[in-house]
Amino acid sequence: MGNNVGVLDHRDVYKDAKERIGSGFLDDLNEQWEAIAGNEKQIDEEKFGELMAHLKQDQRKLESIFNMYDIDHNGYISKKEYICSVVLLMDGSLNEKISLVFNTFDENRNGVVSKKEFKRALMVITTMDMDQISEFSREVFEKCDTNADGKLQFDEFVEFVHSDEDGFKKLCGVLQVV
């Protein structure tokens with residue numbers, strides 16, 4: 001198992017949401033959730049599209065955003081995940097945003113991002129073609145995979161972000177977290 005430092009625990013962020021974004025905005029998020037989800041504890045990608053309709057995003061971008069908000073990777077978004085993601089995007093520190101992106105890439109939640117996971121995430125969140133994805137992946141892994149195990153540990157990912165802000169922005173693609 002890899003270094004799980006980057007795995008998000010949305011419970012603390014959810015607890016602090018009122019202080020971080022204000023009670024009025026938190027109330028608005030709760031109302032938006034209830035208008036779409038009703039009494040459901042979680043929503044699927046279709047309902048999420050309804051929740052995010054105001055963003056006027058195409059399906060590919062909505063899928064990317066859904067994957068980012070789906071912190072536990074179970075194919076659904078809970079109200080806590082929704083609020084946590086909004087809080088992190090609005091008021092998160094750089095390290096919290098890095099964790100959010102790392103978590104999005106780490107599909108199987110084993111604490112590392114494989115080359116396969118990395119490329120698959122890039123296909124969804126960027127507008128790069130396959131040749132560009134392959135080249136960018138090769139460059140990132142050459143630069144970041146300091147222990148040469150073919151996987152990005154969270155600390156290696158953090159080092160990449162801090163050493164190559166343009167690369168991180170490219171990596172984030174449509175997620176627009178920075």
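Student: Which residues does Ser85 touch, not counting residues up to four places away in sequence?

Tutor: Keep in mind that this is a predicted model. Touching here takes heavy atoms within 4.5 Å. With residues up to four places away in sequence left out, Ser85 touches Met68, Tyr69, Ile71 and Leu100. Ser85 itself sits in helix 6, residues 79-91.

Student: Is Ser85 buried or exposed?

Tutor: The cut-off for buried is under 20% relative accessible area. Ser85 has a value of 0%, so it counts as buried.

Student: Leu100 was one of the partners of Ser85. Which residues of helix 7 are buried?

Tutor: Leu100 is on that list, along with Lys97, Ile98, Ser99, Val101, Phe102, Asn103, Thr104 and Phe105. Nine of the 12 residues of helix 7 are buried, so the rest of the structure largely encloses this helix.

Student: How far does helix 7 reach from its first C-alpha to its last?

Tutor: The idea is to set the actual span beside the one expected at 1.5 Å a residue. Helix 7 runs over residues 94-105 and reaches 17 Å, close to the expected 16 Å.

Student: What does Val161 touch, again not counting residues up to four places away in sequence?

Tutor: Val161 touches Ile98 and Phe168. Ile98 is among the buried residues of helix 7, while Val161 has its place in helix 10. Val161 is buried too, at a relative accessible area of 5%.

Student: At roughly what angle do the axes of helix 9 and helix 10 cross?

Tutor: For a helix pair, check how close the axes come and then the angle. Here the axes of helix 9 (residues 130-144) and helix 10 (residues 154-163) come within 9 Å and cross at roughly 105 degrees. Angles of 65 to 115 degrees count as roughly perpendicular, and therefore so does this pair. Helix 9 brings Phe136, Val140, Lys143 and Cys144 to the contact, and helix 10 brings Glu156, Phe160 and Ser163. By class, that makes four nonpolar, one polar and two charged residues.

Student: And zooming out, what share of the chain is buried?

Tutor: Buried residues make up 45% of the 178 in the chain. The secondary structure comes to 11 helices and four strands. Among contacts with a separation of 6 or more, 58% join residues 24 or more positions apart. The chain exposes about 9200 Å², with carbon and sulfur atoms supplying 45% of it.

Conventions. Residues numbered from 1 in each chain as written. Predicted model: local features only at pLDDT ≥ 70, side-chain atom pairs only at ≥ 80, totals over all residues. Heavy atoms only, no water. Helix = DSSP H or I, 4+ residues; strand = E, 2+ residues; numbered from the N terminus. Expected span 1.5 Å × (residues − 1). Buried < 20%, exposed > 50% of the residue type's maximum accessible area, 1.4 Å probe, protein only. Axes fitted to C-alpha atoms, helices over the stretch in contact; angles between N-to-C directions. Parallel < 35°, antiparallel > 145°, perpendicular 65-115°, else oblique. Nonpolar A, V, L, I, M, F, W, Y, C, P; charged D, E, K, R; others polar. Areas by Shrake-Rupley, 256 points an atom, 1.4 Å probe, with all protein chains shown as cover.
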